[in-house]
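Please keep the viewer open as you read.

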Amino acid sequence: MRRFLPVIILAPALACLAAVAQTPAAPALNPNAACRQCIESHENFLASDALQGRGSGTQNELIAATYIASQLEAYGIAPAAPGGAYIEIAPAPPTSATRLGTTANVVGMLQGSDAGAPVLLLTAHLDHLGVNPEHAYNGDAIFNGADDDASGCTAVLELARMLSLGERPKRSVYFAFFGSEETGGAGAKYFVEHPPVPLDHIVANLEFEMIGWPDAAVPAHTLWLTGWQRSNLGSEMARQGAKLVGDPHPAEHFFCRSDNLQLAIAGVVAQTVSSFGLQPMYHRADDDVAHLDFGLMTDSIGSMIKPVRMLLNSKFVPAWNPGGRPSAGRGGCS
Ligand SMILES: [Zn+2]
């Protein structure tokens with residue numbers, strides 16, 4: 001319950017507050033550096049209590065998708081879902097009363113100058129675990145998913161913003177945000193079955209998952225790539241300046257635990273960028289904005305723009321190393 005104050009006292013107090021309130025300066029929009037204010041604002045919406053944890057296949061997931069679509073539109077990124085829309089609605093089995101029986105993906109595209117060149121795909125998942133009173137943490141039942149995976153959505157949005165401001169790249173780049181990752185990947189499955197370009201035309205997929213917490217196992221402000229040894233993608237990006245190293249937790253099999261896997265099984269060199277340090281907030285209600293490291297996010301997202309531009313402007317075609325491509329058997333991770 002809120003404390004009661006008579007209006008006669010409150011009114012002058014509010015007037016004072018209004019007089020000293022600071023208007024934030026508009027962010028500097030730089031094509032070569034991530035914008036911390038933009039990153040914070042995406043998180044403050046996507047991971048807010050208002051979105052009720054973006055439950056897979058819920059109305060709240062659709063609101064998150066609509067926000068992401070509106071940001072892409074503001075950056076001048078073209079809609080790339082079938083029918084010329086940003087949002088595609090995919091079937092997803094309803095698993096509780098709040099679920100719609102569908103899930104929402106967002107797909108956008110920045111056209112490159114060489115229309116025949118293979119394309120790059122940058123992805124994240126927009127859903128999380130919703131509200132779960134049975135697993136409330138310190139009385140909080142809203143699973144905000146600020147790190148998992150509002151941070152990845154924020155990274156892809158920031159890369160879209162920077163790319164839209166810079167010189168037009170040679171290769172086109174697609175941005176996809178998948179629904180229902182947490183309940184088995186129905187959004188990514190639909191995308192793989194209905195890709196906006198043939199899958200063999202996708203030169204690589206970088207999935208961004210949980211980049212908002214530092215990992216003590218790697219140097220400060222550094223991200224890691226799952227399945228490092230499976231392809232030559234990570235080493236080439238690091239050579240181009242990305243603060244990117246190999247996944248220091250191979251026993252966790254993270255390569256097999258994100259939406260990149262379905263694309264990898266389909267043949268695309270598809271790996272996940274993360275900085276998850278096995279924190280206890282994982283899949284807990286305190287994965288919230290208060291626990292994010294915005295310095296890490298700003299630096300590491302910014303470090304990706306040069307190597308992403310390299311992937312878009314060079315003829316480099318990442319390839320699986322021998323035995324690196326997963327097969328469809330044993331959950332794709334044989
Ligand atoms: Zn998760």
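Helix H4 (residues 146-165) packs against H8 at an angle of about 50 degrees, and their axes are 10 Å apart. Helices here are DSSP runs of H or I with at least four residues, strands are runs of E with at least two, and both are numbered from the N terminus. Axes are lines fitted to C-alpha atoms, for helices over the stretch in contact, with angles running from 0 to 180 degrees between N-to-C directions. H4 and H8 are therefore oblique to each other; under 35 degrees counts as roughly parallel, over 145 as roughly antiparallel, 65 to 115 as roughly perpendicular and the rest as oblique.

This is a predicted model, in which local features need pLDDT of at least 70 and side-chain atom pairs count only at pLDDT 80 or more, while totals for chains, interfaces and linings use all residues. Residues are numbered from 1 along each chain as its sequence is written.

On the H4 side, Ser151, Thr154, Ala155, Glu158, Leu159 and Met162 meet Met297, Ile301, Met304, Ile305 and Val308 of H8. Contact means that C-beta atoms, placed from the backbone, lie within 7 Å. By class, this contact of H4 with H8 has eight nonpolar, two polar and one charged residue. Nonpolar covers Ala, Val, Leu, Ile, Met, Phe, Trp, Tyr, Cys and Pro; charged covers Asp, Glu, Lys and Arg; the others, Gly among them, are polar.

H8 also packs with H2, through Arg36, Ile39 and Glu40 of H2 and Phe294, Met297, Thr298 and Ile301 of H8. The two pairings look like this:

| Pair | Angle | Axes apart |
|---|---|---|
| H4 and H8 | about 50 degrees | 10 Å |
| H2 and H8 | about 120 degrees | 10 Å |

Which residues touch the most other members of the largest nonpolar core? They are Ile68, Val156, Leu159 and Phe177, in a core of 81 residues. H4 gives the largest share of this core, 10 residues. Such a core is a set of buried Ala, Val, Leu, Ile, Met, Phe, Trp, Tyr and Cys residues joined through C-beta atoms within 7 Å. Leaving aside residues up to four places away in sequence, Ile68 touches Val106, Leu126, Cys153, Leu157 and Phe177.

Finally, find Gly116 in the loop between strand S3 (102-110) and strand S4 (119-125). Gly116 is exposed, because 7 other C-beta atoms lie within 10 Å; 20 or more would be buried, 12 or fewer is exposed, and in between is partly exposed, with C-beta atoms placed from the backbone.

How values were computed
Contact = placed C-beta atoms within 7 Å.
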